[in-house]
Amino acid sequence: MGVMERVSTRKKAAADVRAKLPLDQILMDDCVAAMASLPDKSVDMIFADPPYNLQLGGDLYRPDGSQVDAVDDEWDKFDTFATYDKFTKAWLKEARRILKDDGTIWVIGSYHNIFRVGAAIQDEGYWILNDIVWRKSNPMPNFKGTRFTNAHETLIWASKSEKARYTFNYRAMKTLNDELQMRSDWTIPICNGSERLKRNGVKAHPTQKPEALLYRILLACTKPGDVVLDPFFGTGTTGAVARRLKRRWIGIEREADYIEVAKERIAAALPLDESAVITMQSPKAAPKVPFGTIVENGMLKPGTVLMDAKRRWEAVVRVDGSLQAGEATGSIHKVGATLQGAPSCNGWTFWHFEEKGALKAIDTLRQTYILATEP
């Protein structure tokens, strides 16, 4: 099978799987059952904010006597640690099945559950890449004064295996952080003000995550068009940010009240302009493909005439992947630079071939080759 045939087969298979996904929809169901209905290796990233199993004993009051609106919902209650561990193992197993081989999972939690979840993640065969400390710049104080103020939560970022070729937009993270390498401790405020969703003056969800947190995660580990699954969707933070960043999303939530809030919120999240979604890419992100490889695979035949986008210069492709333009000979980069009298030239974007009367950059052939040969 030739390169183009392999590309076509791969694209068709991926399209068939994608067609089975309930994209940009909320599934009202138990998370394990809903994930079981999705195809194998079909999502690019999973963000999970599972129940924390807080095991709160009694009500919590402020010094002025007012009651704290803490997490006391039924969905956060489990009879024993063993029950919670069984639930964790079940949803992590389904999550791993539907995650693509090059996909990653993010799980957030507090000290109540994150260590148990972390052990389960490793037991299920995931490979932990980082633990991220989300440092809350405006945490709730410890009103009783009996412990340190709980000012952070922990996120675990993991791939499906040690050698997985996962997405990490390092350059975009560095740009986001004023050209400094992004660290594993993130200072982001908790939801407050207009971002905190309320119904009848009461929090719509007790553990609503700030959009800034999801923005950083999606920007770091996904590309436009990727599918992001959130099995504990709540009020839809993941869906709202995904829509804004032009990612596709799938939410799973069993509480009807949360779903109603999420739908309204996501509908109001306007996608960014296409040009605004483009991020800085690391030079290392582009696999090295010699131009000669394109020639020897028959994707561009010797004798083909290449030209620049404005048809000012022409060069002929030779059998060894070099170009000849009059007296100038050499690589696609060298000849392009010589003709322009420039110190350097990116031949992949400078040279074009004609197809059906239109010019196409030879870089399109390189990208096709990469798609056909990546594992």
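Which residues in α7 are buried? They are T237, T238, G239, A240, V241 and A242. The model is predicted. Its chain has 13 helices and 16 strands, and of its 375 residues 44% count as buried. Among contacts in the chain with a separation of 6 or more, 68% are between residues 24 or more positions apart.

- α7 and α8 pack with their axes 9 Å apart, at an angle of about 15°.
- Because angles under 35 degrees count as roughly parallel, α7 is described as roughly parallel to α8.
- The crossing in which α7 passes α8 is right-handed.
- On the α7 side of this pairing, the residues in contact are T237, G239, A240 and R243, and they meet R265, I266 and A267 in α8.
- Of these α7 residues, T237, G239 and A240 are also listed as buried.

**Helix α6**

- Helix α6 runs over residues 211-221, and nine of its eleven residues are buried, so this helix too is largely enclosed by the rest of the structure.
- The buried residues of α6 are E211, L213, L214, R216, I217, L218, L219, A220 and C221.
- C221 has a relative accessibility of 4%, so it counts as buried.

**Helix pair α3 and α4**

- Helix α3 spans residues 81-98 and helix α4 spans residues 114-123; their axes come within 10 Å and cross at roughly 45°.
- That angle makes α3 oblique to α4.
- α3 passes α4 in a crossing that is right-handed.
- From α3, the residues F81, Y84, D85, T88 and L92 take part in the contact, and their partners in α4 are R116, V117, A120 and I121.
- An α-helix has 3.6 residues a turn, so residues three or four places apart point the same way.

**Residues with positive phi**

- Most residues other than glycine have a negative phi.
- K246 is a residue other than glycine with a positive phi, near 65°.
- K246 follows α7 and lies in the loop between α7 and β10.
- With a relative accessible area of 26%, K246 is partly exposed.
- R311 is another residue other than glycine whose phi is positive, here near 60°.
- The loop that holds R311 runs between β11 (305-307) and β12 (314-317).
- R311 is partly exposed, and its relative accessible area is 44%.

**T368 in helix α13**

- T368 is located in helix α13, which spans residues 363-373.
- Since its relative accessibility is 18%, T368 counts as buried; the cut-off for this class is under 20%.
- Which backbone oxygen does the side chain of T368 reach? The oxygen belongs to T364, and the distance is 2.9 Å.

**Cysteines**

- How many disulfides does the structure hold? The number is zero.
- C345 has 16% relative accessibility and therefore counts as buried.
- C221, at 4% relative accessibility, is buried as well, and belongs to the buried set of α6.

- R199 sits in strand β7, made up of residues 198-199.
- The relative accessibility of R199 is 34%, so R199 counts as partly exposed.
- R199 and D257 are 58 residues apart along the chain, and their C-alpha atoms are separated by 9.7 Å.

Terms used: Residues are numbered from 1 along each chain as its sequence is written. This is a predicted model: local features need pLDDT of at least 70, side-chain atom pairs count only at pLDDT 80 or more; totals for chains, interfaces and linings use all residues. Side-chain values use heavy atoms; hydrogens and water are left out. A disulfide is a pair of cysteine sulfur atoms within 2.5 Å. Buried means under 20% relative accessible area, exposed over 50%, partly exposed in between (1.4 Å probe, protein chains only). Helices (H or I, at least four residues) and strands (E, at least two) are DSSP runs, numbered from the N terminus. A polar contact is a pair of N or O atoms within 3.5 Å; within protein, one must be able to donate a hydrogen and the other to accept it, and residues adjacent in sequence count only if both atoms are side-chain atoms. Axes are lines fitted to C-alpha atoms, for helices over the stretch in contact, and angles run from 0 to 180 degrees between N-to-C directions. Angles under 35 degrees count as roughly parallel, over 145 as roughly antiparallel, 65 to 115 as roughly perpendicular and the rest as oblique. A crossing is left-handed if the near helix is turned anticlockwise from the far one by less than a right angle, and right-handed if clockwise. Contact means heavy atoms within 4.5 Å.
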